[in-house]
Structure formats: C-alpha cells, structure tokens
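The notes after the display are grouped by topic.

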Amino acid sequence: MIRLSSSQRSGLVGAALLAVVLVAIGVLVTYFGSRYQIRLVYSAYVNLIVVLGLQVFMGNARITNLSHSAFMGVGAYAAALCVTPEKIKKISLPEAPWGLAEFSLDPVVAALIAIVVTALLALVLGLFIVRLTSTGATIVTLAVLVIVHAIFLYRTDIFKGNQAFFGIPQVFDLTSVIVIAILTVIACRMFRESRWGIQLRASADDEVGAAAMGVQIYRLRLIAWVLGAVILAVAGICYAYFLGTISARPFYFNHVFLTLAMLILGGMRTVTGAVLGTFLISFGLEGVRYLETGPVFLGIDLPEALGLSGIALGAVIVLTMALRPTGIMGNREIEDLFARQKS
Amino acid sequence: MLIIQDLHVFHGPIEAVHGISLEVPQGKCISLLGPNGAGKTSTISAITGIARSTGEVRFEGRDLSRESVEARIAAGIAVSPEGRRIFSNLTVLENLTLGAALQKNAKEKARDRDHWFSLFPILAERRDQPAGTLSGGEQQMLAIARALMARPRILLLDEPSLGLAPKIVRQIFDLIASLKEQGMTILLVEQNATQALRLADYAYLMSSGRIVAHGTADELGKSDRLMAELTGVA
Amino acid sequence: MEYIIQQVLNALSFGAEYALLALGLAIVFSIMGLVNFAHGEIIAVGGYTMVAFASLSIGNPFIVMGGAVLAAMLASLTLERVAFRPVRKADPTTGLLTAFGVSIVLQNLFLLFVSPRPIAVTSLYFLDWPIEIAGIRLASLQVFEALTTIIVIVALMLFLRRTVLGLAVRAASLDFEMVRLTGIRANRVFAMAFLISGLLAGLACIFIMARRGSVDPHLGFEPVLKAFVACVVGGFGSLPGAVLGGFLLGAVEVAMLVMLPQSLGGMTDAFVFMIVAMILIWRPDGILSPAVEKGDKL
C-alpha cells in the first residue's frame, strides 16, 4: 500500500467528486439526450481531455502552450494510420510511403503506438522548450503548431491534408470517453498533488527561490510537458475512434483558442477549473450557436448572426483576463469548496 | 511642509509600515534612518504614490493621499530612488531632459541643465554617452541631478550612498549639504547614520515598520537605541 | 548577376513590409511587455474602412488612404483603453491571452457585421505598376513600400530621440515606474505607443490592400504572424531588432522561395518557423534583445 500525503488524499477526494459530476452528465445525456446531443457531449468530453492535458503543463509550470492541438493531431493521425484497415488505406492513401498502407493493427496497440509516438515527439521538443523563458517558450509552441499543421497539409500522401482521413474503426462510445476522462482527471490531480507537481508550482511562483531549494525546474517542466502530451494524444485517439474520420483543420488555431478559453475561464491552476471551464464553454457555445442560426425567440425572428460564437469566445478570454486572471476557480479545487462550507 | 500621519504601507497582502507619522518642515533636512528592511523605502514609495498605503500624506497643506503618482510629482515632489534607477539606455542629457519633463520653459530648462553640468563636470563630459556607462557615483549624481531638474519643492533621497566608495560618499554628502544651504527641503533616507546625522536637522529612526525614536541629530546621535538598531547589538 | 540583384531587391521589399509590421508590435511590447496579437485586426480595420469609403463612392485615393490610417490609429487607441488597460500590470501571459481574445472578437465582429467572404477594394490598384530599370523588374508598390519604411524609421527615430514623450517611451521600456516618477502621465505614454502602433498598422494596411485588392476577416492574421516572427528573431521589445528581424525574415523567405524545390512550396511557413525556433533556442531573447534591468527593491 502506497502511503499518500494529505494533499494527495484530498486530491483523490476531489477527483472522485469530479468523477461523480462526469458520470452524472453522461447518464443524463444517455437517457434523455438525442443523437445530436450525445455527439455534442462526446466532443465536450474529448475537449475536456485536451484541456486537462493543457492544464498539466500550463497550470503547473504556468507557461502558455499553444501547440496542444498539434499534439492531439499527432496522436489522432498516428492512431488512425495504425488502426485503419489496409483495404481502406489502399484506396484513401494510394501513395503512402514506408509501407504505411500495408498493415493494420488492433485499436489498443494502435493507441499505444500513437501515445508513444506523441510522447517521443514531445520529449524531443520539450528538451528545448522547457529551457526557455515564458514568452520564448510560448512562441516556440506556436512555431510547433504552425510546423505540424504545415506537415499535415503538405504530406497529403500520409495525412490527406484538409480532406477527410476516413475509415477509422469507430470503436469508442460515450461510456469509453467518460471512463478515460475520469482516469485523466485522477492522473492530473495526482500529478498536481505529487511532490513533482507541488515543486513545479512553487517554482512557477518563485523560480529563483525554488532553484535555490534544489528544485530541478527543467526536469519537472519536462515531465509535465510529456505527461500533457500523452493526455493530448489520448484525446486525439478518442476523437478519431469515435468520429471515424479526421482532417487537419480541427487541429489548428480555432481549436487552440477554444480549449485555451475553456482552461482560462475555469482557471488554469486547478483541475476543477479545467473541468468547469470545459463544460461552461461547451454548453454555453451551443446556446450561442443556436442564436447564430437566427431562431424565432419570444416571437421575434432573430437575424442570422454568424460569428456570434467567436465573439463570445473572445469576450470570455478578455473578460476573464481583465476581471479574474486566475479564472473562476482561482487556486481552489472542488473539495476546497465543500471544506469551506463545512467549517 | 510635508506631514505624514498614521501611514500604513502595503506590498500586496504584506504590511511593511505600521502607522508612522513624521514631518519635514520647509527648508530643513530630515533624515529617516534604520536598518535594512525597516520600511524606509516603503515610506518613500508611499509618499510618491507608488506603493499602496493608508493614512495621510499632506504636502503644503494639500492632502495627496488619494492623488496619482504623476499628480504628486507635479505638486513638487521629486525623488532620487533607491538603486538610482537612471535610464541606462538613454544618454546623460536625455536623462536630464526627462527629469525636467514637466518644465515648460525651455530657457529655464537649459539654464538648469547648464547649472548641473557646471556642478558635475563629469556629467557634462559624458552628456551624449549612454547613462549605463557611468560609474556608480556618477550615476548617483545623475539621479540627483535628474530629480532636481524638475525644480522640486521637496527632494526625497533614498540611500544615495548605497554601494559607493567612501570618497564618493563624501562628495555626495557635500552635495546634499550645499543643496540644503540653498534652501532645499530634503527627506534623506540612509543606513549610513553618521554621515546623515551630520547633515540632518532632525532624524527619525525606523525599525520593523515603526518609528522607534526621533529627535535632533545630537539627541539621536547620543542615544544607545540608534547604535543598537543599526548594528543589531543590544 | 541580374537574377541575384532581382532577388536581393525582392528580399529588401519583403523585409521592408515585415519591418513596418514588426515595429508596430515592438513599440507596444517595449513599454508594456504585451505581445499584441490584435495588431492584425487593426490592419483589417483599415481594410474595412476602405470598403466603407467605396460604398460611399468616395474614390479619392488620398482620402481612402488617410481614412484607413486614421481608422487604424483610432482602433488601436480604443483597444488600449478598453482591453489592454485592465491588464497593464499583469504578467506577459495574461496580456498575450487578452490580445488573442481581442483578436478573436474583432475577427468575428467583421464576420458578423460585414461578411465572412472577401470584399474587393480596387481603389488602390493605381499604386501598382511595373518598373524596369536596367533589366531588373520591380513593382512600383515595392518601391513605395521601401520608401515608406525608411521614412517611418527616420521619423520614429527623431520622435524617440528629440521629444520628451519619445524619450519617455524609450525610458519606459526599461523602467516604467521611474518614468512616472518624473511626472509624465503613464496613460499618455501608453496612448502614444498604441497610436504609433496603429499608424504603422495603417500604413502596412495600405500596401497589403494595394497588393491583395480585397479584405476578409482574416486579413491581418498572416501579416501579424510574420511581424511576430520578425520581432522574435530581432529580439522582442527592441526597435532596431524589429527592423533587423523584418529584413532578415524577408531575406529568409526569398531564399526559401529561390532555393526550395517547387514541390516543397507549401512548406515555406514551416521552414520559417523552424528557423525562428532554432534562433530562440540559440538565443532565447532574440538577436538584439534589450538589456533587462530592475531595481533591487519594488
């Protein structure tokens, strides 16, 4: 039996509380939701995993990452390339090099390979990124995003660019993604409360001080960075395994900002913030999108208003930064809310 | 002229100064002494409005405690801050020009500048060099000259002798003495108590955010309290 | 030989545009550490102003150009007031994210209130005609752009060296608090920096629009990304660095176009960003990064 510190114990309690919420949303939508709503909630869960992957690095090391959607894409494409049946690949990727169209693997093996590939890529890039100052690191992550996207677009023989990469077996349903999301929440919380997580957060508050205490900042940042990339790869796999088709477009700037807004609104410092922000924006945006189509509301025929969701998203970021830069949750996790009410 | 009452200064959530009161009368040199971390620089920051504070800062009868930094400077307060903080990427001349930013009269500005140049020939010599290339003592002189370019009614000097060689320190204190003779009102923050007390008409001793003693230079110079606070020997 | 001269001139004219754009970013960054990603949308504001003039059937090119520049300056000033003032003292990350947010809002406002599709603006085509000197082909637009950049650099230098406010802007990049302690109002310094930034965006807008002939909500995205790269390469916050970075980027891009095989054409951006990343790893603060100095206390 591993002995847990008190912060790790409360981390588990918090993760359990979040798990209850995640299961409850899933049960509700499974029994009462339409097919469309199930799809919507599924994508919210995938985004939740992305935001959690983002939180591991951004929240603990406090360095803005803009490349997360690229890592998600790497995971998705790697899994898709491994798992798609040869027959389909022969049609869709007739010019694939290195015998990529000559094999297909079982979904679990494909997923594992995708995770390892993404983690290795992250490790190599991370060796450089973790040594940079905050703005410099952010700029390099931006470069990573642009480069990865350019490769997706350029190597159409492997990735099909902006066209659909189809024929991925649809092996996941809502239940699988909820289970994975819950596991991710637990992993993120355990990392946050681990010795590494605590030291990393301390070093973000006071780099010089933490270094003087013997904290190896670069190593800790690298661990968080790679762990984040693994989670992002998982999110990409979930995305591919549910939809069955992927393309390069969803792994670029729009998705970067969407997920960034989620994390910022909820509060990047906590796992609870990541969960809260994801659901608030996922469901909030759906409401805005409904307005965008120009519905009849209270007897008034509203005009079509494309761009409303984008405005809402941007406004959320600007307002959060101006009014509450640490997001809704600030430094509090879910169990802190209950603890305060008790006392 | 400058009256401070029940001043509390905060750095974020931390209270650095716990309700001090002091007075700087017109034409006098008042010294604020105390060891490192006593809250001297915090007090200066509160007077200029840089640090958040509660309590009263009254200057020539006017309550400045709710005014912006810029308004306080415009009222006639000038500061040569701790660490000098000259604009090292600007030339010596440009530093002085910025010091006189609020002065409208170009002729007066030129006259002031020439006056300070004649007093500090080394600055005149290096007028077009980046201020960052000056030595520590020259930078300190530039910082004081920059503050004086604003033609202030009170001059706040924060640790002007910090980190300088004894010979330079003497020069700086000679300069302060001559400023005082010309009638400048001065609030001098120092750790170098001996030198400061030689100049000051009246002195306050701070420790841990409070004023623990005050009196004329003679009175304070003789007190054991001063030595105890400054040397840490009880 | 002529081919080389041709390409060098091309690189210079690319570089001039990037320098213009990068200066706009650098001047704001230098005083408040803000990477203003909404700079691209300021350019788009200029573009849509031209559309507005066209719909009012005002064709006088000087009114159109002047109006666009003025609109860009106003927009920049407004953003400072509305969006960036609340995060003035915040850390760079907060500012960067705010700028992203502002950029998204503006893009979508164009989308919502104007159109998601490109709108043609033909009033500036007259600026562009081919010139041939000694066998070297140039576009008049390239010449105008290079001239404008030179004039801007000279004017900016005069402003920064000869005026009190200009000195304050330079000093503020080092120690903003000390600038306030000389009595110069912080709001004026910020407003001035954003005004200049808007002016530069407006000027860049004229050339971008004259070349593209149309405006869409994403008009500013590509240019600001390039400007950003130029700033990074040159050293963020350093104005000479921004100019240097702009010209370097122009040279790299032309070199890429010349040297990369046709089949790799789509990868130009990737290579450019790769170079940026490598420069940052080599020199984390850029080539001409300004010295960072801070007082011991406060």
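Two strands pair if DSSP finds at least two bridges between them. Helices (H or I, at least four residues) and strands (E, at least two) are DSSP runs, numbered from the N terminus. On these terms, B:R58 stands opposite B:D63 in β5(B).

The model is predicted: local features need pLDDT of at least 70, side-chain atom pairs count only at pLDDT 80 or more, and totals for chains, interfaces and linings use all residues. Residues are numbered from 1 along each chain as its sequence is written, while chains are lettered from A and ligands numbered from 1 in the order in which they are written.

**Sheet and strands of chain B**

- Strands of a sheet pair through backbone hydrogen bonds, either parallel or antiparallel.
- Chain B holds an open sheet of four strands in the order β2-β1-β4-β5, with antiparallel pairing.
- Its edge strands, each pairing on one side only, are β2 (14-24) and β5 (62-63) of chain B.
- Two bridges link strand β4 (residues 52-59) of chain B to β5(B) in the antiparallel sense.
- Helix α1 (residues 40-48) of chain B lies across β1 (2-11), β2 and β4 of chain B, at about 110 degrees to β1(B); axes are lines fitted to C-alpha atoms, for helices over the stretch in contact, and angles run from 0 to 180 degrees between N-to-C directions.
- Strand β3 (residues 29-33) of chain B pairs with strand β9 (residues 202-207) of chain B in the parallel sense, over four bridges, and B:L32 stands opposite B:Y204 in β9(B).
- β9(B) also runs antiparallel to strand β10 (residues 210-216) of chain B, joined by six bridges; here B:A203 stands opposite B:G215 in β10(B).
- β9(B) and β10(B) form a hairpin with two residues between them, and B:S208 in the turn has a positive phi of about 50 degrees.

**Contacts between chains**

- Two residues are in contact if their C-beta atoms, placed from the backbone, lie within 7 Å.
- Of the two pairs of chains in contact, chains A and C share the most contacts.
- The contact between chains A and C takes 33 residues from chain A and 35 residues from chain C.
- On the side of chain A that touches chain C, the elements giving two or more residues are α6 (134-154), α12 (253-266) and α14 (308-323) of chain A, and α6(A) gives the most, with 13 residues.
- By class, that side of chain A has 24 nonpolar, nine polar and no charged residues; Ala, Val, Leu, Ile, Met, Phe, Trp, Tyr, Cys and Pro count as nonpolar, Asp, Glu, Lys and Arg as charged, and the others, Gly among them, as polar.
- The contact between chains B and C takes 24 residues from chain B and 20 residues from chain C.
- α1, α2 (69-74) and α3 (92-99) of chain B are the elements that give two or more residues to the side of chain B that touches chain C, a side with twelve nonpolar, eight polar and four charged residues.
- No contact joins chain A and chain B, whose closest C-alpha atoms lie 14 Å apart.

**Helix packing in chain A**

- α12(A) and α14(A) pack at an angle of about 35 degrees, with their axes 9 Å apart.
- Residues making this contact include A:F257 and A:L258 of α12(A) and A:L313 and A:V316 of α14(A); by class it has eight nonpolar, one polar and no charged residues.
- Helix α2 (residues 35-61) of chain A and helix α13 (residues 271-292) of chain A pack at about 145 degrees, with their axes 9 Å apart.
- The contact of α2(A) with α13(A) has nine nonpolar, five polar and one charged residues.

**Residues in chain A**

- A:G161 is placed in the loop between α7 (156-159) and α8 (174-193) of chain A.
- A:G161 counts as partly exposed because it has 19 C-beta neighbours inside 10 Å; a residue is buried if 20 or more other C-beta atoms lie within 10 Å of its own, exposed if 12 or fewer, and partly exposed in between, with C-beta atoms placed from the backbone.
- The C-alpha atoms of A:G161 and A:S247, 86 residues apart along the chain, are separated by 6.4 Å.
- Leaving aside neighbours within four places in sequence, A:G161 is in contact with A:F152, A:L153, A:T156 and A:A248.
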